[in-house]
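Please open the structure in your viewer and keep the selection tool at hand. The tour below goes from one stop to the next, saying what to select and what is found there.

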Amino acid sequence: MFEEAVRAFTISYDVLNEANTFWGGELLTGRVVVEAANELRAESLDLSVRGVGETRWSEKDGDETLHYSASATYFKVKQLLIQKTPVCECGNNGVVIPPGCHVYQFALQIPQMDLPSSFAGAHGKVRYFLKAKLHRPWHLASRAEKEFTVVRHIDINLPDLLSQQLGSKEKTLGCLCCTSGPIILNARIERKGYTPGDFIRVFTEVENGSSREVRPKVALQQLQTFHAQGKTKCVPKRIASLEGPPVGGRRRDAWSGGVLHIPPDTPISLLNCALMSVEYSVVVYVDIPRAFDIEVTFPVVIGTIPLHNPVY
């Protein structure tokens, strides 16, 4: 049995920071390793770095299944590590690679662009990867691929993301001839911008004019939205939740102990991609037995650059 001529073909890149992330404008350096079991000829060795996005889902329409998809290429940069060579007189062409391990260094610039962050969602993804191809005469090309993470930094210290969020809602139970006193919810969160691992402090005041016992509750909601062929697919997800103490009938109570923990692995907000988005909101609501709840919704942004002067 013949031994495979290319024993190993791999890509590795140099890590620039503890998070192992990159952003637009940075230089991506690394190496392509070719391990040859015996002498081989290479027509060329090329390496490319790409950023792509794609969405895909299916929906039932009666007995028919409809498929939707869309894609986008954000950039593609290519570098030749072994130049293409002309055919020689003897009919052999290419560069001779002797047996052993051979390392080819590369340096590729990620374009200075407003790139969307890497993301893998329910019906779509944004991915960045290196792809190498080793072309040999009369052989299928050897291929290697290596993904890396791109982050679009969001600074939560911007004035708009530091502003306090306030809201209120009111509801009256019963019919026209027999109504209760109003149930009033006043809610507040300290700011609009947070980072993964942060804590969201929630303050509520509930004035319960009814005879029923009610309870304030809070949830951090994620909304993934995907677009393709003029259609939209939304996927809501609850990230964290908690509930406050009950408020008895004809009572008013303030609750300042509500603290939502954002899990450290929560994806950051994706707001600059035409194919998909990832948005967050804090929903504060009053759970009312045998009636529709009242709620206040605060849009929030999950960013990357933490608060400079946090107050705990």
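A salt bridge, a term needed at several stops, is a side-chain nitrogen of Lys or Arg within 4 Å of a carboxyl oxygen of Asp or Glu. To try the term out, select Arg 201 and Glu 190, whose side chains meet in a salt bridge at 3.8 Å, N to O. This pair links distant parts of the chain, with Arg 201 in strand β15 (residues 199-208) and Glu 190 in the loop between β13 (178-189) and β14 (193-194), 11 residues apart. Strands here are DSSP runs of E with at least two residues, and helices are runs of H or I with at least four residues, numbered from the N terminus. Arg 201 counts as partly exposed at 30% relative accessibility, and Glu 190 is likewise partly exposed, with a relative accessible area of 26%. In these descriptions, buried means under 20% relative accessible area, exposed means over 50%, and partly exposed is in between, with a 1.4 Å probe and protein chains only.

Before going further, please note that this is a predicted model, in which local features need pLDDT of at least 70 and side-chain atom pairs count only at pLDDT 80 or more, while totals for chains, interfaces and linings use all residues. Residues are numbered from 1 along each chain as its sequence is written, and side-chain values use heavy atoms, with hydrogens and water left out.

**The two domains**

Now turn to the place where the domains meet, where 23 residues of domain 1 are in contact (heavy atoms within 4.5 Å) with 17 residues of domain 2. The area buried between domain 1 and domain 2, that is, the accessible area (1.4 Å probe) that two parts lose on being put together, summed over both, is about 1500 Å², and carbon and sulfur atoms give 72% of it. Across this interface the rule finds 0 salt bridges, but it does find 5 residue pairs in polar contact, both residues being at pLDDT 80 or more. A polar contact is a pair of N or O atoms within 3.5 Å; within protein, one must be able to donate a hydrogen and the other to accept it, and residues adjacent in sequence count only if both atoms are side-chain atoms.

On the side of domain 1 that touches domain 2, select β5 (44-61), β6 (64-82) and β10 (124-135), the elements that give two or more residues to it. Of these, β6 gives the most, with 7 residues. By class, this side of domain 1 has 10 nonpolar, 9 polar and 4 charged residues, where Ala, Val, Leu, Ile, Met, Phe, Trp, Tyr, Cys and Pro count as nonpolar, Asp, Glu, Lys and Arg as charged, and the others, Gly among them, as polar.

**Thr 55**

Within strand β5, select Thr 55, which is buried, with a relative accessible area of 1%. A polar atom of the side chain of Thr 55 lies 2.9 Å from the backbone oxygen of His 227. Leaving aside neighbours within four places in sequence, the residues in contact with Thr 55 include Tyr 68, Ser 69, His 123, Phe 226, Ala 228 and Met 276.

**Two loops**

Move on to Gln 229, in the loop between β16 (215-228) and β17 (231-243), which has a positive phi of about 50° although it is not a glycine. Gln 229 is exposed, with a relative accessible area of 53%. Then select Arg 290, found in the loop between β19 (276-287) and β20 (294-302), where phi is again positive, at about 60°, although Arg 290 is not a glycine. Arg 290 is exposed, with a relative accessible area of 72%.

The structure holds 14 salt bridges. Select Glu 147 and Arg 127, which form one with the closest N and O atoms 3.1 Å apart. Glu 147 is in strand β11 (residues 142-150) and Arg 127 in strand β10, 20 residues apart. Glu 147 counts as partly exposed at 45% relative accessibility, whereas Arg 127 counts as buried at 17%.

For the last stop, select Arg 215 and Glu 243, whose side chains meet in a salt bridge (3.6 Å, N to O).
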